[in-house]
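Here is a set of questions and answers for someone meeting this structure for the first time. Please keep the sequence and the model in view while reading.

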Amino acid sequence: MDNKAFFKLSYGLFVVTAHEDGKDNGCITNTVMQLTTTPNRISLAVNKANYTHGMIERTGRFNVSILSESATFETFKHWGFQSGKDVDKAAGITFSRSDNGIIYVTEGVNAVLSAKVESMVDLGTHTLFIAEVTDAESLNDTPSATYAYYHKNIKPAPERPKKKGWVCTICGYIYEGEELPADFICPLCKHPASDFKPIE
Ligand code: FE
């Protein structure tokens with residue numbers, strides 16, 4: 001199996017946000033796609049390790065902020081590399097709130113969708129949410145950031161570490177040690193050991 005083949009899938013990148021009991025939260029995902037147009041329906045897969053996952057599961061509501069090529073690495077770090085368990089992700093960022101009461105990101109974003117969950121599929125590590133789009137708004141015409149664009153233009157080039165170890169190809173996290181445990185999960189972006197490569 002050539003795992004590099006998966007990088008050629010043309011994913012977009014999104015901040016998925018939810019609201020529960022007065023708390024706002026969100027995470028980064030590359031797994032939103034449109035399924036049908038009548039009604040307008042999307043799918044979204046979220047890792048169960050994300051705090052946002054439980055919020056969507058319990059409330060049945062979420063927003064999708066579609067990241068554009070003007071998004072900065074700070075945006076990815078803010079939403080992707082820290083957990084809503086530990087920090088208030090709505091603090092210190094610019095956002096708006098849509099009619100469903102959920103925040104959406106307004107910087108580095110070109111459109112927003114509001115969605116209501118219709119069904120859930122348990123995929124083990126993730127849940128696949130199938131949801132009806134209840135509202136949609138285009139914010140500007142900056143092209144959407146693809147996963148390939150993120151890797152090429154947004155993610156900073158990793159500094160050359162002197163230590164032996166493994167580097168996460170998604171976020172740049174460094175694991176120090178000869179052997180990377182097969183069940184290792186990146187503490188920053190939650191990607192598995194298969195997304196790490198040895199430091200050369
Ligand atoms: Fe990572």
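Q: How many bridges join β10 to β12, and in which sense do the two strands run?
A: In this predicted model, strand β10 covers residues 165-168, and one of its residues, Trp 166, stands opposite Pro 198 in β12. The two strands β10 and β12 run antiparallel, and the number of bridges that join them is three.

Q: Which residue in the turn between β10 and β11 has a positive phi?
A: Strand β10 also pairs with β11 in the antiparallel sense, over three bridges, and within this pairing Val 167 stands opposite Ile 174. The two strands form a hairpin with five residues between them, and the turn residue with a positive phi, of about 90 degrees, is Gly 172.

Q: Which side chain makes a polar contact with that of Asp 195?
A: Asp 195 is found in the loop between β11 (174-176) and β12 (196-198), and, leaving aside residues up to four places away in sequence, it touches Phe 7, Val 167, Cys 168, Thr 169 and Ile 170. Although Asp 195 is buried, it has no salt bridge, and the nearest side chain of opposite charge, Lys 155, is 9.8 Å away. A polar contact of 2.7 Å does, however, join the side chain of Asp 195 to that of His 191.

Q: Which are the edge strands of the seven-stranded open sheet?
A: The strands of this sheet follow the order β2-β1-β5-β8-β9-β4-β3, with antiparallel pairing. Two of them pair on one side only, and these edge strands are β2 (23-29) and β3 (32-37).

Q: What angle does the direction of helix α1 make with that of β1?
A: Neighbouring strands of the sheet are turned by 35 degrees against each other on average, direction ignored. Helix α1 (residues 51-59) packs on this sheet, touching β1, β2, β4, β5, β8 and β9, and its direction makes with that of β1 an angle of about 55 degrees.

Definitions and conventions
Residues numbered from 1 in each chain as written. Predicted model: local features only at pLDDT ≥ 70, side-chain atom pairs only at ≥ 80, totals over all residues. Heavy atoms only, no water. Helix = DSSP H or I, 4+ residues; strand = E, 2+ residues; numbered from the N terminus. Buried < 20%, exposed > 50% of the residue type's maximum accessible area, 1.4 Å probe, protein only. Lys, Arg positive; Asp, Glu negative; His and termini not counted. Salt bridge = Lys/Arg side-chain N within 4 Å of Asp/Glu carboxyl O. Polar contact = N/O pair within 3.5 Å; in protein donor to acceptor, adjacent residues only side chain to side chain. Contact = heavy atoms within 4.5 Å. Pairing = 2+ DSSP bridges. Axes fitted to C-alpha atoms, helices over the stretch in contact; angles between N-to-C directions.
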